[in-house]
Amino acid sequence: MAAQRQYEELARQLSAIGAVKRGLGRGLPHDCPAGSAAVLILLDRHGAMRMSRLAELLAVDTSVTSRHVAHVAEREWIVRDPDPADKRSRILRLTPEGKAKVDELSELSIRTLTHYLHDWSDEEVVQLSTLLARLRDSFGDCRAASARLPSPHDVQATSETTRTPA
């Protein structure tokens, strides 16, 4: 297990990721802010879904999701079809215009990352991607209602059982 100071440094580096996200966000088209881009990307990745599922994937409240969905629907990037299983609900789907916007967003992200990581080797980019995926997997579904942060007692018990003798 990593030492306390290593976790402190990791926490500092993760908090600095906000600057990276803001840098990527500055490259977004003016008509597609980050929340709208996230809606489009998730619909492209996961396919048609209900608003409640989208809110789960975004890890935000349904009211926030609703605002993002309204924005992309006004631009005709998605449609809200009646849910055959429940006529009160809607299924959100990308339109061809929405798919074109996703493709544009993807190209912008690639160009931005290529610009900022021009001096990174292919292996370093793969390593970062692998470690970020592993980090996300380690957190599991942190959006779940049962998810909670460990208490100081939980952390102490874990560190005592995973230490190797000197």
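## Packing of H2 against H4

Helices H2 and H4 are roughly perpendicular to each other, a label given to angles of 65 to 115 degrees, whereas angles under 35 degrees count as roughly parallel, those over 145 as roughly antiparallel and the rest as oblique. The angle at which H2 and H4 pack is about 80°, and their axes are 9 Å apart; axes here are lines fitted to C-alpha atoms, for helices over the stretch in contact, with angles running from 0 to 180 degrees between N-to-C directions. Helices (H or I, at least four residues) and strands (E, at least two) are DSSP runs, numbered from the N terminus. On the H2 side, Gly35, Ser36, Val39 and Leu40 meet His68, Val69, His71 and Val72 of H4, where contact stands for heavy atoms within 4.5 Å.

The model is predicted, so local features need pLDDT of at least 70 and side-chain atom pairs count only at pLDDT 80 or more, while totals for chains, interfaces and linings use all residues. Residues are numbered from 1 along each chain as its sequence is written, and side-chain values use heavy atoms, with hydrogens and water left out.

Helix H4 covers residues 62–74, which is 13 residues, and from its first C-alpha to its last it reaches 18 Å. That span is close to the 18 Å expected at 1.5 Å a residue, the expectation being 1.5 Å times one less than the number of residues. Its buried residues are Thr65, Val69, His71, Val72 and Ala73, where buried means under 20% relative accessible area, exposed means over 50% and partly exposed lies in between (1.4 Å probe, protein chains only). The cover over these buried residues of H4 includes H2, helix H3 (51–58), E2 and E3.

Two residues other than glycine have a positive phi in the loops on either side of this helix. Alanine 59, in the loop between H3 and H4, has a phi near 60°.

Three strands make an open sheet with the order E1-E3-E2 and antiparallel pairing, two strands being paired if DSSP finds at least two bridges between them. Strand E1 (49–50) and strand E2 (78–83) are the edge strands, each of which pairs on one side only. E2 is joined to strand E3 (residues 86–94) by six bridges, and these two strands run antiparallel; within E3, leucine 92 stands opposite arginine 80. Helix H2 (residues 34–46) lies across E1, E2 and E3 and runs at about 95° to E3.

Aspartate 83 belongs to strand E2, and its relative accessibility of 6% makes it count as buried. When its neighbours within four places in sequence are left aside, aspartate 83 is in contact with Arg50, Ser89, Arg90 and Ile91.

## Salt bridges

Side chains of opposite charge can pair when their charged atoms come close. With a salt bridge taken as a side-chain nitrogen of Lys or Arg within 4 Å of a carboxyl oxygen of Asp or Glu, the count comes to ten. One of them joins lysine 99 to aspartate 44, with the closest N and O atoms 3.2 Å apart. Because lysine 99 lies in helix H5 (residues 96–116) and aspartate 44 in helix H2, this pair ties together parts that are 55 residues apart in sequence. Lysine 99 counts as partly exposed at 36% relative accessibility, and aspartate 44 is also partly exposed, at 32%.

In another bridge, the side chains of arginine 75 and glutamate 74 meet at 3.5 Å, N to O; arginine 75 is partly exposed at 33% relative accessibility, whereas glutamate 74 is exposed at 61%. Aspartate 81 and arginine 93 meet in a salt bridge with an N to O distance of 2.9 Å. Since aspartate 81 lies in strand E2 and arginine 93 in strand E3, the pair ties together parts that are twelve residues apart in sequence. Aspartate 81 is partly exposed, with a relative accessible area of 26%, and arginine 93 counts as partly exposed at 35%. Salt bridges that share partners also join Asp31, Lys101 and Glu104 into one network.
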